[in-house]
There are 2 protein chains.
Amino acid sequence: MPEFLTLLPPDEARALLLSHLAGPLADSAALDSFLALGRVLASDVAAPHPLPEFPRSTVDGYAVRAADTFGAGESLPAYLTLIGEIPMGAPAALTLDSAQCALIHTGGMLPAGSDAVVMVEYTQQIGRGDLHGRPGEIEIMRAVAVGENVISIGEDVRAGQVVLPHGTLLREAEIGGLMALGLTEVRVARKPRVGLISSGDEVVEPNQLAGPGQVRDINSYTLAALVTRAGGEAIRYGIVKDDFSALQAMARKALSECDAVVITAGSSASTRDMTADVIRTLGEPGVLAHGINTRPGKPTILGAAEGKAVIGLPGNPVSALVNGFLFVLPVVEKLLGVLPRPRATVMARLTVNLASQAGREDWWPVKLLTNYRSPITNYQLPITNYDADPIFGKSNLIFTLAAADGLLRIPPDATGLSAGETVEVVLI
Amino acid sequence: MPEFLTLLPPDEARALLLSHLAGPLADSAALDSFLALGRVLASDVAAPHPLPEFPRSTVDGYAVRAADTFGAGESLPAYLTLIGEIPMGAPAALTLDSAQCALIHTGGMLPAGSDAVVMVEYTQQIGRGDLHGRPGEIEIMRAVAVGENVISIGEDVRAGQVVLPHGTLLREAEIGGLMALGLTEVRVARKPRVGLISSGDEVVEPNQLAGPGQVRDINSYTLAALVTRAGGEAIRYGIVKDDFSALQAMARKALSECDAVVITAGSSASTRDMTADVIRTLGEPGVLAHGINTRPGKPTILGAAEGKAVIGLPGNPVSALVNGFLFVLPVVEKLLGVLPRPRATVMARLTVNLASQAGREDWWPVKLLTNYRSPITNYQLPITNYDADPIFGKSNLIFTLAAADGLLRIPPDATGLSAGETVEVVLI
C-alpha cells in the first residue's frame, strides 16, 4: 500500500492541477450565432453601432416638443394640433412644429422636431381629428421634460462598447443581444477534447454480455456525458486491460490527440497504482497529487504532462463521476476560458445526522424531498422548502447517483452535520 | 385600451394554461443511450438482470469462509491456507474448502465455497507463499461475518426492478445506469415542436440592415434558444407584418405543424390586441388569460386551441424572455412529461431596496456579485456568499438580461424588498 501517504485537500489539489494547465485553448471557430447556444465567446464582442440607432418612444402616446407642455395639467391642459401618425418601422414623413404633436407607438421613431412623448393615458382627443389631412386637436393633461419617455441614440449601448466580454457563456439573452446588433456570426472557443480511457480486466463494453466476474463500462460514458455537458468534446478510447504497456500506449495516443486525458482505473489498488505509474511516464511534471482527502475519491490521481491535464479516477462509478464534477469539469472550463458563474444550488434541511472525518471533504448524493413534485411548485417561490435526504448504499452503485438530485458537501473542518441543519446542495 | 381588465396571478394563469394541454406527447423514439443526454425517458426502464450478477468483493483482501475467522483477533489470529488468487473479470477456477482462503481484489467474484472477505489491512502473509502451486499461509487478525465486504447478487438492483421511471431526465448518472445494465438503446420522448412567430412592422431579420425606425428580431431567437435548452425543438416562422390576416394565416400554419405556438407581438398595444384576436380564431377555448399580474409581462396572453398552447408574448425582448421562462418553459416540460426537478437557485443578499406593487409578481434581472469570480471559489462552499445587484434599465434592453446571472422574484404579497434581505435568485 504505497499510495495515499499524503492526502491533499481537494481545493488545494484542484488549484495545483489548474496551475499546470497552459490556459484557455488558443484556437477558436466562427459559428452562426443562432447555433452558438452553450458555447463560449473566444473574443470580446463590441457593438458595431449604437442601440437604439434612432430616438425611440418607450410608450404609446404623442410625440411633442416638451416646451409646449410646460405647465400643462388636468385643470389646465395644453392643446396641440395632431399632424399625423408615426408609422412603425419607418421614419416619419413629417416634421413637428411648435404646438404640434404626432401619434406614436411604443418603439416608434421620434419625428424631427420632437423631443419627448406624452403617454396616451394623459391625453384626450378633441372632436374627430382625421389623421389623413384635416388636423385634430389633442388635450395634453401632463407636462413632460425633454427626453421623457424616449430612449435616445446609444442610450442602451454605445457604438464600440464591449457588450459581451470573451469568456461569456452564450445563453438565451446573449444570443438575443448578438441578434439585436446584427452579429449573426460569432467566434467561439473550440470545444476542449477530453480523451477517456477505461481500464480493468473485468470491464466489458455495455453492448456485450457481462460474463461471470465481468462488469460493463460505466465510467467512460458518464464522464463523456459530463464533458459534453460542460462544453467539451469527449473522445472514448475504449477499454484497456490491466497491462502497463497497453495502458501507457493508449494514454500516449490520447494525450497526443486530446487536450486532456482521463483514465478510470480498475477497482483494485494495484491497477490504481498502475495508472499513477503510467502518468509518470507521459511527460513533466507527471503526478501532482496521488490521493485526495475527499470521499468518495480518495484514490484520485491528478497529473499534468506538457501542459495538459491527465487525471486518474477510481473505478467505482460514483467515485469516478463525483470526482469528475470536482476535477474534470474545472479542467474543461479552464480550457474553454469560460468566466466563472454561480453553481446551481438549493438550500435544504438535512433529514439525518451525517458523520464525517475531520480534514476530509465528503460529498453525499442526496434526494431533495418536498412538495415540489407538483409541476406548479417548480415555479413558485419560496422554492427552498426542501429536505435533503442522503442516499445510503453499500456499493456506491451508479443508481444511487441516478436517484440523487444533487451532492451535499461536508466541509473538511466539520466532523459531521446534524439532522435539521440547513445545508447547501449542488444540483447535478 | 380594452386590455388588462383583469390581471391573473401568474401561478394561477400558468395552472390554467397547463390544464388545457392534452398532456405529454404520445410519441417517442428509440435512441442510442450514449446520445440520450438531456432527453426524457418515454417509458419505465426495468433492470433486465440483477446487479451485481455475481457476489462481488467490495475490498482488496482474502475471500474466506466466515466461520473460519470466528474468534480471530490481533492477539489470537486465525491461520488460513492461501490456495490462489481470483482473477479480475473471470470466475475463479477454484473452490474454497474449510480453513482455506483466496486473494481477491475489489470487484472480484467470490469463489465457490466462500461467503465473506477479510480486508488486506487485517491480514498478514506468513513465509513465502507461492500462489502457483505451493500454498502459503495467511494470518487473519479480525473476524468477519457472513456477507461482510461482499455485495450479493441483486443487492443493488433486483431483476425486473424499475430503476428509472418514465419522465426521468437523462443526466450523466442515468446514462451510466443504462450502460451498467447493457441497455444501449432507450425510448425517449419526442422533442416538442414549438412554433415561433415574430410580428411587427418595425422588425427585420438579424442579418438585415436595420433602417430608420427598424429593429432586428431578437425574440424568436431568444425563445428558440430557451425551447432548445428546455428539450424542445424550436421552429421559426419568421417575421409577420402587423396584419390580422397574415398573422392568422401564419399562426394557423404553425399550429398545424407544431405542438405549441408562441407569437411575440410588436411593441404597441394595438398589435398586442391583434395577437389576442388571432388566438381567438384558432380554436377552442382560445384566449384563457389576457394580462398577467407580473412585471415584466403584463400584456402576456395565454391561450389554447385544440389542446395546444398558444402564447402571445410582449414584443419587449426582456419581457418576452422572462415570460418565456415563466410560461413557455413549463409548456415544453409538460409536453415532454419530464418529472419536476428543483430549480437552480442561489441565495443572495439584496444590495438595494426594491419597491413593488402589492398583488404583482416582479422579476428583476440581477447580477450576483462576490469573490466568486476566482475560478476556485466556483467549487468551494459556502457558495452562497453573494450579493444580488438588480440591473436597472429604462428600456429593458436585452443586454440587461445578458448581464444578469439570474432573476429575483418579488412575490405578489410583498410591496418590496429591503436592502440586506436574503433573497432567492433563479439562475438563468
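Analyst: Let's start with the contact itself: 98 residues of chain B touch 99 residues of chain A, where contact means that the C-beta atoms of two residues, placed from the backbone, lie within 7 Å. Bear in mind that this is a predicted model, in which local features need pLDDT of at least 70 and side-chain atom pairs count only at pLDDT 80 or more, while totals for chains, interfaces and linings use all residues. Residues are numbered from 1 along each chain as its sequence is written, and chains are lettered from A and ligands numbered from 1 in the order in which they are written.

On the chain B side, helix 2 (residues 172-180) gives the largest share, 8 residues. Helices here are DSSP runs of H or I with at least four residues, strands are E runs of at least two, and both are numbered from the N terminus. That side of chain B splits into 53 nonpolar, 23 polar and 22 charged residues. Nonpolar covers Ala, Val, Leu, Ile, Met, Phe, Trp, Tyr, Cys and Pro, charged covers Asp, Glu, Lys and Arg, and the others, Gly among them, are polar. Since 100% of the interface residues of chain B are also interface residues in chain A, the copies meet through the same surface.

Next, helix 3 (residues 219-229) of chain B, where 10 of 11 residues are buried, that is, with 20 or more other C-beta atoms, placed from the backbone, within 10 Å of their own. Among the buried ones are N219(B), Y221(B), L223(B) and V227(B). The buried residues of this helix pack against helix 2 (172-180) of chain A, and also against parts of chain B, including strand 13 (193-199), strand 16 (233-240) and helix 6 (317-336). After helix 3 of chain B comes G231(B), with a positive phi near 105°.

Over in chain A, N219(A), T222(A), L223(A), L226(A) and V227(A) of helix 3 meet residues of helix 6 of chain A, including P317(A), L321(A), F325(A) and V332(A).

Note on methods
A residue is buried if 20 or more other C-beta atoms lie within 10 Å of its own, exposed if 12 or fewer, and partly exposed in between; C-beta atoms are placed from the backbone.
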